[in-house]
Amino acid sequence: MSVNVYWEDVEVGQEITNWSRKTDFMHWNRYAAVNDEFVYIHMDDVAGRAALNEQGAFGMGNLRFAYLHNMLRDWAGDEVQVRKLGCQYRAINQKDDVLTCVGTIVAKRVENDEHLVDLTVDVKNQEGQSTAPGEATVALPSRNGD
Amino acid sequence: MTTESETLVTQDLIERKGKFSEPKVAPPIALSDIRKWAIAVYWPDEPPPMYWDEDYAKTTRHGSIIAPLDFNPFAWPVHREPVPAARASADGAGIGTRGMNGGQTEEYFEPMRAGDVISTTTGLTEWVERTTRLGPTLFTTTETRWTNQNCELVKVRKSIGIRY
């Protein structure tokens, strides 16, 4: 098993390990293939512009949502249990954007014997622009057993 | 605010508010579905062994391979719902027919595993209409409840759809 972090070892205000990808059609097409998400705005520049994005086709929000999950799992390890994750898509994922998922711990608590951590999360582009701000709650393993 | 003549709130929307659909059932989840999903969302890196190595997964609290939480067992249906015009062509369409994913919040309970048969029921719960840089814009909130073959709750998704 893989425990990267215990509840007792994290602090409010701590930034968790970032998770990053440069996104282009290779990433979007692979995601479309598994999610059956073949929507013209994600495949065709004409459709992207018709949808009022001047740069053309743009990435799927769902893929950014997956990236946020990846960040939480890679940071905390396989024993983490993500209880809640949400985000809003505030900016478009343009082709060749370098997306970086970030998270900051905002609270720690024990509830129903679970050692919970609340975080703010976001997916930022290469210019530091927030594209998918949100919140997460995860249950971490405890050194005292959970 | 949009004027009455510009409203994107249709009679169909009003009639659907608060009503949940009949359960929709996905095909059984296959190990290969989980592996491919993990490869796609971790591309170009190798995905974690939790999603493809049964021997490793047995050493974790989960006891077997589990699906990534964002995994969608409803992908690739044989029978398909009609696609809205704006999604069916590359040309787009007029006001109110264009759409985007506004975001979602998901609460997780039981994990999804190979062999699970997931059912969902979905309902439109609320909407907000306002004028944005895209013009008259409608934000709808839809709630979807996922359960497995044992009637255990898997997740509750609240998703925001954007029409403009």
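Visitor: Which residues touch the most other members of the largest nonpolar core?
Guide: Bear in mind that this is a predicted model. Its largest nonpolar core has 51 residues. The ones touching the most other members are A:Tyr67 and A:Leu68.

Visitor: Leaving aside neighbours within four places in sequence, what is A:Tyr67 in contact with?
Guide: Contact here takes C-beta atoms within 7 Å. With those sequence neighbours set aside, the partners of A:Tyr67 are A:Trp19, A:Arg21, A:Leu99, A:Cys101 and A:Val123.

Visitor: What do the buried residues of helix 1 of chain A pack against?
Guide: That helix covers residues 25-35, and its buried residues include A:Trp28 and A:Tyr31. They pack against parts of both chains: strand 1 and helix 3 of chain A, together with helix 2 of chain B.

Visitor: How many residues of chain A are in contact with chain B, and how many of them are nonpolar?
Guide: On each side the count is 33 residues. For chain A, that side includes eight polar and eight charged residues. The nonpolar ones number 17.

Visitor: Which residue is the bridge partner of A:Lys84?
Guide: Strand 2 of chain A pairs with strand 2 of chain B, antiparallel, over five bridges. In that strand of chain B, the partner of A:Lys84 is B:Glu107.

Technical notes: Residues numbered from 1 in each chain as written. Chains lettered and ligands numbered in written order. Predicted model: local features only at pLDDT ≥ 70, side-chain atom pairs only at ≥ 80, totals over all residues. Buried ≥ 20, exposed ≤ 12 C-beta atoms within 10 Å, placed from the backbone. Helix = DSSP H or I, 4+ residues; strand = E, 2+ residues; numbered from the N terminus. Contact = placed C-beta atoms within 7 Å. Core = buried A, V, L, I, M, F, W, Y, C linked by C-beta atoms within 7 Å. Nonpolar A, V, L, I, M, F, W, Y, C, P; charged D, E, K, R; others polar. Pairing = 2+ DSSP bridges.
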